[in-house]
Structure formats: structure tokens, C-alpha cells
Amino acid sequence: MQSHEHCNGDRSTSNERGGKVLVLLSVCLPMLLGLVGLVLDGSLLMVTSRDLQSLADAGATRAAIAFSDPNVADDPMQSVIAAIQHDADFGNFQIDVSSPPTSGPYIGRTNYVEVNLTQSVPTNLHPFVGGEATQSVRSRAVAGLEVSTESAAIVVLDPDPSPVTISGLTGGLLTVTLPSIQLGGLEVLGAGALEVDGAVHVNTEWGGVDVDGNPAGEEPPLGGLRHAISCTPLVSLTKMKAREIRVTGGVGNPNNYGHVDGGEPNPLSANRLPVADPYESLPVPTVSSDPTNVSSVEHGGVDVVSLPLIGPTTRLEPGVYEWINVISGRVVFEPGVYIVRGVNPLTGIAVALTAGTIDAEGVMFYVTDSGTFSPWTGFPDISDSSDSPPPNHLSSLLPSVVINTALPGSKIHGLDDPGSPYDGLLVFQRRQSRNPIALVASDLLLLGSDFSGSIYSKWGQVLFVGQGTYDLTFACGTLRIVNVLDCNLTPSKPLSPASDVYLVE
């Protein structure tokens, strides 16, 4: 009997304990499910948030590049949204792209783009404990353009130059024989060193190597000696020194490049994004764009031929000319803008300042190949597209401008009027013109060459033969610099620095 009673007592205790466990389990189960849900669903939300943030960062960077590139033909907003959707390999989400940003420290600031991504993520266990069936995950990123270089002295704009040689130059203007083919977007030929107190930006994509000798850029046409920047090939007779050298493609020999300040690292940087045209928004000259310096008075074609020293002084006024050809004598250009819309019928050149004594201080030559250009409306040049280069079916072109400043007593300076949009410009060629511009400023007679200003020819080739120190800047399709000996560019009105895209939030 005792044994039987003991057995009944054990069953009673076991049942009581089992009931307590069930009660405890029923009380704790929601908490356990909540903890498991927190771990599982929380992990899912964290992974989704991480992926969504990476997508937002990449999208903002891509958007900033697209919004800053004037050559993007499609709607940047739609192209960025499509790119983000293409890159995503998970779920549907809402995309908001704003430029400028609508929130945060960069609100309202141009050149910045804000990307907001929102995705609804279904949860697995949260609904069992009273939580929401879905959770919203949000990611935000802001990227934009910020200045990344010093102000520039040289900007070469043509990504893939067409082969052009300059014809019609007299032998007296050039002291060296130039290669018959284009060697680079920027060529430094001759002997001696070119020193640039500023940055050099070259958008040409032709390949070569970077500062470490690694491949950079695209394979150039014809290969061989052609690179985005080319110092005298095969033999290193020339060097180029600058504060920064930024090139979209590559160079032939990185040892040909250096910093203007001795001891500083090589400033060459290859495989970079192209820079913007520093004069992209500059209007063609009209009476309304600059009433102080632009005149509508027509003067026809002008040839100046007079006896040196003892002949009368010829004075020219701003206005509209068919051509200007100075052969000899003394000429004074009154300050202002000279619109030249034709060419000399004998030379085929619009502006030729090749001899005599020239006093042209505070002037700008606007050279257009349109004989119907109107100084009142700017038509037809005002309708030119600046995004794509004009077609080129010729391998040899006459120059539109030839200026020889290696003449005793001559002074040629760009427009000097801080209130004018053309302040500092000496030559502004119609954007859709490919005609070369030839400038000679070699101090061969050791008498000094007084020459300064900015040269702008969007798709044209500029040839500069120089020796000495000059207050010059160049923004052109391609540039050939022939430094007879050492040549220095020290611009007092440098061009815009380059900007790069940075992820700032």
C-alpha cells in the first residue's frame, strides 16, 4: 500500500509540473517569437537597407555625372532612374531624384543631386506578435560637382581630333617644320621647356600611359606616336611643366611631364573625366550682349599697306569688317570688339596681322565664316550647337587668323573691361568653325613681344609658336605649341578649374 500511494504522488507532481511548463510556454511564446522575428526580420531589413544605400550612393554619383555633362542628349532624370532600376536585382522600390536637393545641408544648391529610395519589405514573424506585415526601408544619398584642380591656362576640348594640317602659311612665320599628322590633342614640339603657371586640361581620349606607365585612354587612330598629349616623340627635346596636368586619355612618356615647382610630385593624372568648356555659356557678340564694346557700323574689308616709320598711322574702330589685313605700316586698333565675317579674297584669311607696328590694346576679334552674321541678332551663329563637333571633310585648311607679334613695338592685348562678358578675350572664333588659328610670339629679335589675352576656338586647331613669357590662355579643339626655346604661360585671368563628382551625403 505504501508503495502504491507513493506512485500516485509522483504522477500528481509530474502533472503539476507539466501544467506549469505549458502555462510558462504560452506566456513566453510571443516573446520568443518576437525575439526570433526581431533577429530574422531585423537581419532582412538591415541587408535590404545596406543594398538600398549602395544603390542610392551609386545612383547619386551617376546622376551628378549625368546632370553635369552637357553632352547627355537624353533627359538626365529619366536616364538615371532607368539606370538605378537596371542595376537593382531585388524588389520594387520608389525612386525620387531631385536637382538641386530638397533637404539636408545641400538644399537648393545647384550642381548637386539628391536620390531617395524607398522599399516596402515584407516581414515574416512580426505579424504574429502584432507587428506590421511590411516595413519601409529608406535610403538617401547626395552627390555633386566640387572644384578639384587649380585654375587652368590650357583647355583642349576635342575628344577625337580630325586630322587637319594648316595650309597657306608663309615660311617666314614658322621657323620649324611641323609634322603633317596630328600627334595629339595637345602637342608640345620643338626644343626647350613649356612651363604653365596653372592647370592643363585635355579632353582628348587617345591612349598612352598614365604617370605610372600603366595603359590609359583609348587606342588612338593609327596608333604609334599619337596620344592625348604628345611631347616631341622619339627624342625628348621638349618638356611640359604645370601645376596640374589632367588628361582623359594618356601620354607617350610620363617622364616628359613635371611640376613647375621643383621637387613636387609629377602632376600628371590620366584616365580622367573630361572637363566642361569654360566658355560654354558665352554669347556671340551683339549690340545687346555688350553695348559698350560691340558696334554695328560696317567697315568692309581693310588692307593696310603704308611706309614703315614715316607713313601715316591707320586707325581702326570697333565694328563689322569683311577682313582685316595688315601688311606694313603703323596701325592703331581702338579698344572694343571687331567682328570679322569674311576673308581676304587673295589670302583666304580673315584676320592677318603679319607685319608693321600694331597697337591693339583692349580688343577682341570675333571671327565667323558667316557672311550674313548680324551684330543685332547674332544670327546665324547664335543657333550653332556647341555640343557636337561640326563635320570635317577636309585634311588641309587655311587659317582664319594669323597674328605675328614678333614685331618691334607691337602691343596686342585682349579686351580689358570687367563689365563685359568678353573681358580678357583676344580671339573668339565661331564655335562651329574648324579653321586653324596661327599665333607667332617668338622673341627672336630679343626686343620683347607684348602679347596677352585668351584664345577661344571650340573645335578649331590653334598653333602657337612662342619663346618667352606670355599672359595667355587657350580653350580650343586642339593645340600645337612650338617652343623655339623655353616658353612660359602665366595667365592673369586663368580659366575655370576642373570639377569632379563627389558623394557628400
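Colleague: Is Glu-334 buried, partly exposed or exposed?

Modeller: Keep in mind that this is a predicted model. Burial is read from relative accessible area, with under 20% counted as buried and over 50% as exposed. Glu-334 has a value of 22%, so Glu-334 is partly exposed.

Colleague: Which side chain does Glu-334 meet in a salt bridge?

Modeller: The general idea is simple: side chains of opposite charge can pair when their charged atoms come close. Here Glu-334 pairs with Arg-315, at 3.0 Å from N to O. The two are 19 residues apart, with Glu-334 in the loop between strands E17 and E18 and Arg-315 in strand E15. Arg-315 has 55% relative accessibility, so Arg-315 counts as exposed.

Colleague: How many salt bridges does the count come to?

Modeller: The count comes to 19. Take Asp-369 and Arg-430, whose side chains meet at 2.9 Å, N to O. Asp-369 sits in the loop between E20 and E21, and Arg-430 in the loop between E24 and E25, so the pair ties together parts 61 residues apart in sequence. Arg-430 is buried, because its relative accessible area is 12%.

Colleague: What else does Arg-430 meet in a salt bridge?

Modeller: Asp-381, at 3.3 Å from N to O. That pair ties together parts 49 residues apart, since Asp-381 lies in the loop between E20 and E21. Both Arg-430 and Asp-381 are buried. Salt bridges with shared partners join Asp-369, Asp-381, Asp-384 and Arg-430 into one network.

Colleague: Is Cys-487 buried or exposed?

Modeller: Buried, because its relative accessibility is 0%.

Colleague: Where is Asn-483 found?

Modeller: In strand E26. Asn-483 is buried, with a relative accessible area of 0%. Its side chain reaches the backbone oxygen of Gly-192 at 3.2 Å. Asn-483 also touches Thr-238 and Gly-466, among others.

Colleague: And zooming out, how many helices and strands are there in the protein?

Modeller: There are 2 helices and 27 strands. Of the 505 residues, 47% count as buried.

Note on methods:
Residues are numbered from 1 along each chain as its sequence is written. This is a predicted model: local features need pLDDT of at least 70, side-chain atom pairs count only at pLDDT 80 or more; totals for chains, interfaces and linings use all residues. Side-chain values use heavy atoms; hydrogens and water are left out. Helices (H or I, at least four residues) and strands (E, at least two) are DSSP runs, numbered from the N terminus. Buried means under 20% relative accessible area, exposed over 50%, partly exposed in between (1.4 Å probe, protein chains only). A polar contact is a pair of N or O atoms within 3.5 Å; within protein, one must be able to donate a hydrogen and the other to accept it, and residues adjacent in sequence count only if both atoms are side-chain atoms. Contact means heavy atoms within 4.5 Å. A salt bridge is a side-chain nitrogen of Lys or Arg within 4 Å of a carboxyl oxygen of Asp or Glu. Lists of a residue's contacts leave out its neighbours within four places in sequence.
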